[in-house]
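Me: I am new to this structure and would like to understand the words used for it. Could you take me through them with care?

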Amino acid sequence: MLIGPAVLFIVLLVGVPLGLAVYLSLTNATAGSLTGHWVGFHNFVDVWNTPNFRTALKNTIVFTLASQALVVVGAAILAHALLRPFRGRWFLRFLIVLPWAAPVALSTIGFLWIFDSQFSVLNWTLVHDLLPGGGHFYLYKPVNWLLGGIDHLPFVHAGKVDPLNPPQWLGQETLAKLSIILVQAWRILPFATVIFLAGLSSIPAEVEDAARMDGATGLRKFWHVTLPLQLPIAVVALLFGIVFTATDMTVVYVLTNGGPFNSTQVLTTWAYQTGIVSSSLGEGAAVSLYLLPVLAVIAILMLRFARKVEVS
Amino acid sequence: MTWSAIRSHGLSYLIVGPFAIVLAFPFYWMVTTALKTNGDLYNLANVPFKFTTTKGDPEGHSPTLRHISFIFHQTHYVRWLENTVFVGALVVVITLVLALPAGYALARLSGRLGQSVGVGIFLTYLVPPTLLFLPLSRVISKLGLEDRLWSLVLVYPSFTVPFSVWLLMGFFRTIPLELEDAAMMDGCSRLTALWRVIFPISLPGILTVVIFTFSLCVNDFVYAISFISTSSNRTLSVGVPTDLIRGDVFFWQSLMAATLIPSILLALLYNSFLNRFIEGFTGGAFR
């Protein structure tokens, strides 16, 4: 009885629209009408055959996996360092949660300015003499040296920073993709760190003590004791991160709006483009429904791990 | 601080420091940008990390507060703040009314049913707004709520309720059952026990839910941009990017100031309630 209202509300506002989304995707409905002629799986096939959709699908996967890889590594290191109290921790933690607390749409505008084509602070730092009094230290030189090293790896064409023609972060395809990945990693990292921290602090002190008694230290302790105990909750954080990134529309919409030339479209922005801007409601719904199988897999994985945590 | 303390904490600073710098840099950059005059900001000869005043700059001295005062006096910024708070507050109330009883009941329901309903509610949180906004925008127009804040009040609980139920379930599980048994022995009904005993002790947890519900509302972009079309009806997340960017003209200083104000306020709240949040989050379905 106590659960009733909440369940009813959720069914009405999530279940019904979800059903409606499926229905729309099977019709040729356009903006202004809620109904259309039944077209079966026509939309799904049509949508699948457009090059922009393929790009969007590929980008969604690449952006999500790349940014979450960065997040997991960063959060693991950061959470370990934040575990023990030290002076100034409150303030440093405040700085670290800032990206998470800031409304995404607004903080992404901050990046729009950082990546600006003319006044980018990144480019300024890269190509100007950073030592006062003409010390001749240019950051782009070591960066180019590093890029030259990367260029020897297979499949990589890194290019160089040209000080007279600095990088157009959002105007060039590869850099635009890189920028989106970095912004996504930047905004999810605080959240993942907090969840990792929760996992670490939930390891009982007795376990730590027992490990120390058995002579486990450093990496060995981490590998045999901390990692297995922390893994389930780390996976939960990762799955959340994947959901947040794959379903996000704001970052790409504000940063590149899918450009240059639709090369950075993701499923969500492409659905918005097709469904709202081009008014093909049915096709737009079909595009966004391609997200559903991914989410279903994640849901199943989450349940698995939830159960595992319970057992341990 | 003694030397040994510095040494033992050194590693923490060495690791946390660079991360903090990278994560907070955009905000430092927003502050710097927000205070510059146009003449200073758009002069490529100036060092961007410093304030440089040029003689004859029509805006006078740099740093200046004029671009910050611009958003308060020349735009709907205050209106957007009000709208955001209005929507956020109503959604918080609706969320609490729905989620408090549900969270409590799910925490006390033992066995498979409680477990699966709890997980089921949480899973709906995974269905993203980006999937629902197309059909919902049709529903909103059928209801005649187009371009009205009430459309957001109606729709936001669809993601705040699942999240809050889950957090609250975690908090309520940490409260021993004996407590309400004792209250009921003293002649309270279950509901009065809930109201008089359980809710007051869970206040920190409930406050956490209030904060996160509110910030989820502030964060929404997808619904707000699809449902609302009049400038004065917008919320912060949509009003700032759509109104302070006119075609190719970006009011950068004002944009940065408009971002900073809500971000810093929310971050202060987050940081204060972080430990509580961790407790509820990990206590939810994972304990």
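Reply: Let us begin with a cut-off: a residue is called buried when its relative accessible area is under 20%, exposed when that area is over 50%, and partly exposed in between. Please keep in mind throughout that this is a predicted model.

Me: Why is A:Thr264 counted as buried?

Reply: The relative accessibility of A:Thr264 is 0%, and because buried means under 20%, this residue counts as buried. A:Thr264 is placed in the loop that runs between helix H11 (250–255) and helix H12 (267–277) of chain A. Leaving out residues up to four places away in sequence, A:Thr264 touches several others, among them A:Asn59, A:Phe63, A:Lys177, A:Ile180 and A:Val252.

Me: Is A:Ile114 buried or exposed, and why?

Reply: A:Ile114 is buried, because its relative accessible area of 4% falls under the cut-off of 20%. This residue is found in helix H5 of chain A.

Me: With which residues is A:Ile114 in contact, once its neighbours within four places in sequence are set aside?

Reply: A:Ile114 is then in contact with A:Ser120, A:Val121 and A:Leu122, and also with B:Phe25, B:Pro26 and B:Trp29 of the other chain named here. The C-alpha atom of A:Ile114 is separated by 9.3 Å from that of A:Trp169, although the two residues are 55 residues apart along the chain.

Me: What surrounds the largest pocket?

Reply: The largest pocket, which has a volume of about 1,300 Å³, is lined by 43 residues, and those nearest its centre are A:Leu122, A:Trp169, A:Leu175, A:Leu178 and A:Leu182. Several helices each supply at least two residues of this lining, including helix H3 (51–83) and helix H5 (104–114) of chain A, as well as helix H1 (3–34) of chain B. H8(A) gives the most to the lining of the largest pocket, namely 10 residues.

Me: How many cavities does a search of the whole structure find, and what makes a space a cavity rather than a pocket?

Reply: The search finds 6 cavities of 30 Å³ or more, and a space is called a cavity where a 1.4 Å probe fits but cannot get out, whereas a pocket is an open set. The largest cavity has a volume of about 730 Å³. It is lined by 31 residues, of which A:Arg187, A:Phe244, B:Tyr125, B:Leu216 and B:Asn219 are the closest to its centre. The largest share of that lining, 4 residues, comes from H11(B).

Me: How many helices and strands are there in chain A, and how much of the chain is buried?

Reply: Chain A has 14 helices and 0 strands, and of its 312 residues 50% are buried, which means that these residues have a relative accessible area under 20%. The C-alpha trace of chain A spans about 65 × 60 × 40 Å along its principal axes. Chain A exposes about 14,900 Å², and carbon and sulfur atoms supply 68% of that area.

Definitions and conventions
Residues numbered from 1 in each chain as written. Chains lettered and ligands numbered in written order. Predicted model: local features only at pLDDT ≥ 70, side-chain atom pairs only at ≥ 80, totals over all residues. Heavy atoms only, no water. Buried < 20%, exposed > 50% of the residue type's maximum accessible area, 1.4 Å probe, protein only. Contact = heavy atoms within 4.5 Å. 1 Å grid on protein atoms, 1.4 Å probe; cavity = no way out; pocket = protein on both sides within 12 Å on 5 of 7 lines; lining within 4 Å. Points joined across faces, edges and corners; volume = space filled by probe spheres on them. Areas by Shrake-Rupley, 256 points an atom, 1.4 Å probe, with all protein chains shown as cover.
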